[in-house]
Amino acid sequence: MESVESPWFQVRAATAEDIPTLLDLWESVAAEGRWIGTEVPIAREARASRWKTTYFDSDAGCMFVAATTKGIVASAGVQNDRGLVDLGMLVERRHRREGIGSQLLQACIDWAERARAHKMILQVWPHNEAAIRLYEKFGFEREGYRRAHYRRKTGELWDVVEMGLVLGDVARENG
Ligand SMILES: CC(C)(COP(=O)(O)OP(=O)(O)OC[C@H]1O[C@@H](n2cnc3c(N)ncnc32)[C@H](O)[C@@H]1OP(=O)(O)O)[C@@H](O)C(=O)NCCC(=O)NCCS
């Protein structure tokens, strides 16, 4: 899938030129302090260089974005390690619950299936009901619960839920 047309936004693979906008987007969601692992301030240069290696210079990863006429409002990154595809995504606050996350997630699943990966995995905070519901809607299951797993900058330790989606064709072939 190179791009998906929706009435008012387009899902496409990001390019290195999108990096500054993507960093701003990540920073704004990180600043909410509740949804993603990344916390502010973000190390912009280090992150840009990591993204470049992971998503733009390698076939083993891809960053998808959703863009409106006003610019990028959401992103989702996938990274394939021997058929295990790790996923991370976010949507700008004012554009949530408009179907963008669903389109991005579908793009990621399609990408993983095309790569003939056997499984997708992710981690989500237990209080992130919106994300958990989205993932469950697409067939992800809760596979584990890690207590006091990540230390936040406040010093608090947060639990995390592990979720996974075994991909259709491969699961059928092996099943
Ligand atoms: C989680 C997130 C990506 C969802 O994206 P979105 O564009 O808002 O999702 P969609 O509009 O496509 O919603 C799809 C489904 O997700 C669930 N969902 C989304 N937002 C929800 C909410 N606030 N409450 C309950 N369910 C919600 C629903 O099942 C929804 O389907 P429905 O509208 O038919 O009920 C978005 O809320 C977000 O970016 N949050 C902050 C960052 C984040 O949490 N990233 C994930 C970290 S693991």
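**View 1. Arg93, an exposed residue, and its partner Glu32.** At a relative accessibility of 62%, Arg93 counts as exposed (over 50% relative accessible area; buried is under 20% and partly exposed is in between, with a 1.4 Å probe and protein chains only). Its side chain and that of Glu32 meet in a salt bridge, 3.8 Å from N to O (a side-chain nitrogen of Lys or Arg within 4 Å of a carboxyl oxygen of Asp or Glu). Glu32 belongs to helix α1 (residues 19–32) and Arg93 to the loop between β5 (84–91) and α3 (100–114), so the pair ties together parts 61 residues apart in sequence. Helices (H or I, at least four residues) and strands (E, at least two) are DSSP runs, numbered from the N terminus.

The model is predicted: local features need pLDDT of at least 70, side-chain atom pairs count only at pLDDT 80 or more, and totals for chains, interfaces and linings use all residues. Residues are numbered from 1 along each chain as its sequence is written, and side-chain values use heavy atoms, with hydrogens and water left out.

**View 2. The salt bridge between Glu39 and Arg152.** The closest N and O atoms of this pair are 3.7 Å apart. Glu39 lies in the loop between α1 and α2 (44–56) and Arg152 in the loop between β7 (141–151) and β8 (157–166), so the pair ties together parts 113 residues apart in sequence. Arg152 is buried, at 5% relative accessible area.

**View 3. The salt bridge between Lys52 and Asp57.** The N to O distance is 3.3 Å. Lys52 is partly exposed at 38%, while Asp57 is exposed at 54%.

**View 4. A network of salt bridges.** Asp24, Glu27 and Arg44 are linked in this network. The count of salt bridges comes to 13.
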